[in-house]
Every structure is written in C-alpha cells, then in structure tokens.
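Open the model in your viewer and keep the sequence panel beside it. This tour goes stop by stop, with something to select at each.

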Amino acid sequence: MALTNFRSAVRARNPAHLAQLEAWLRSYRPENIFDEQDAALAAVALLREHLPLLKVRFVNAVDLMRLQPASEHPHGLSDREFDSIFTSDRPVIFA
C-alpha cells in the first residue's frame with residue numbers, strides 16, 4: 001500500500017523519475033541491497049545520485065518498539081515525535 005502511494009506521489013511530479021527508480025530497483029534483488037550493514041545507506045546514496053529530485057530520508061530504527069505508539073509500549077514515540085521523524089504528509093516505506 002505504501003508503495004502505491006509512493007508511486008502516485010512520484011508519478012504526479014515526474015513520470016520519468018518513477019520509471020528510472022523502478023528500473024533501478026528491478027535490477028537488484030532485495031537480498032543483494034540490504035544484506036550488509038552499510039548496503040542500505042549505499043542504496044540511498046545511489047538513489048540520491050541517480051534521482052536527485054527524489055527526496056529520500058533514511059531512518060535506522062534499532063529499537064523497533066520505538067515505532068509503536070507511546071500508549072502501546074514504554075519505548076514508543078508520541079504522535080508528535082513520530083511525525084517529526086517520518087513526517088505526516090509524505091509516504092513512509094518500511095523495508
């Protein structure tokens with residue numbers, strides 16, 4: 001679902017960028033991109049290099065319980081904290 005929202009957002013801005021992004025992503029298998037600690041950052045660097053108009057924010061969540069609402073887990077983030085990290089007006093893709 002998030003990928004659909006992402007595609008819609010990119011398509012609305014520049015269809016050529018979406019085509020470039022999809023071609024690049026399809027050329028790799030996920031296990032080849034995200035198999036080592038720094039590989040995800042390398043993937044973000046490639047996105048920024050090849051699609052400079054695409055805005056990418058990389059967040060490394062070490063404690064996954066932080067992603068829970070504060071009401072659900074003692075480590076959880078408040079809505080305000082979550083929105084300050086992930087934004088409330090952009091698609092978020094967890095991978």
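## Stop 1: helix 2

Select residues 15-26, which form helix 2.

Now show the side chains. Which residues of helix 2 are buried? They are His17, Leu18, Leu21 and Trp24. Look down the axis of helix 2: the buried residues fall within an arc of 135°, so they line one face. The general rule is that an α-helix has 3.6 residues a turn, so residues three or four places apart point the same way. Turn to the face of helix 2 that points away from the buried side. There you find the exposed residues Pro15 and Arg26.

## Stop 2: helix 4

Select residues 39-50, helix 4. Its 12 residues should span 16 Å at 1.5 Å each, and the end C-alpha atoms are 16 Å apart, which agrees. Colour Ala39, Ala40, Ala43, Val44 and Leu47: these are the buried residues of helix 4. They cover an arc of only 150° around the axis, which puts them on the same side of helix 4.

## Stop 3: where the two helices meet

Show helix 2 and helix 4 together. Two packed helices are described by the angle between their axes and the distance between the axes. Here the axes of helix 2 and helix 4 come within 11 Å and cross at roughly 145°. The crossing is right-handed.

Which residues make the contact? From helix 2, pick Gln20, Leu21 and Trp24. From helix 4, pick Ala43, Leu46, Leu47 and His50. Some of these you have already coloured: Leu21 and Trp24 are buried in helix 2, and Ala43 and Leu47 are buried in helix 4.

## Stop 4: Leu67

Move to the loop between helix 4 and helix 5 and select Leu67. Is Leu67 buried or partly exposed? Its relative accessibility is 26%, so Leu67 counts as partly exposed; buried would mean under 20%.

Next, show its contacts. Leaving out residues up to four places away in sequence, Leu67 touches Ala61, Phe82, Phe86 and Phe94. Draw a distance from Leu67 to Phe82. They are 15 residues apart along the chain, yet their C-alpha atoms are separated by 7.5 Å.

## Stop 5: Thr87

Go to the segment after helix 5 and select Thr87. Check the backbone: Thr87 has a positive phi of about 70°, although it is not a glycine. Most residues other than glycine have a negative phi. Thr87 is partly exposed, with a relative accessible area of 22%.

## Stop 6: zoom out

Show the whole protein. There are five helices and zero strands, and from the N terminus the order is α-α-α-α-α. Of the 95 residues, 18% count as buried. Take the contacts between residues at least 6 apart in sequence: 35% of them join residues at least 24 apart.

Finish by colouring by pLDDT. The protein averages 75, and 74% of the residues score at least 70. Which element has the lowest mean pLDDT, and which the highest? Helix 1 (residues 2-13) is lowest at 53, and helix 5 (residues 79-86) is highest at 88. Over residues 1-5 the pLDDT is below 50, and beyond near neighbours in sequence this stretch has four contacts in the model. Where pLDDT is low, the predicted coordinates should not be read in detail.

How values were computed. Residues are numbered from 1 along each chain as its sequence is written. This is a predicted model: local features need pLDDT of at least 70, side-chain atom pairs count only at pLDDT 80 or more; totals for chains, interfaces and linings use all residues. Side-chain values use heavy atoms; hydrogens and water are left out. pLDDT is the predictor's confidence in each residue, from 0 to 100. Helices (H or I, at least four residues) and strands (E, at least two) are DSSP runs, numbered from the N terminus. Contact means heavy atoms within 4.5 Å. The expected span of a helix is 1.5 Å times one less than its number of residues. Buried means under 20% relative accessible area, exposed over 50%, partly exposed in between (1.4 Å probe, protein chains only). The arc is that of the directions from the helix axis to the C-beta atoms. Axes are lines fitted to C-alpha atoms, for helices over the stretch in contact, and angles run from 0 to 180 degrees between N-to-C directions. A crossing is left-handed if the near helix is turned anticlockwise from the far one by less than a right angle, and right-handed if clockwise.
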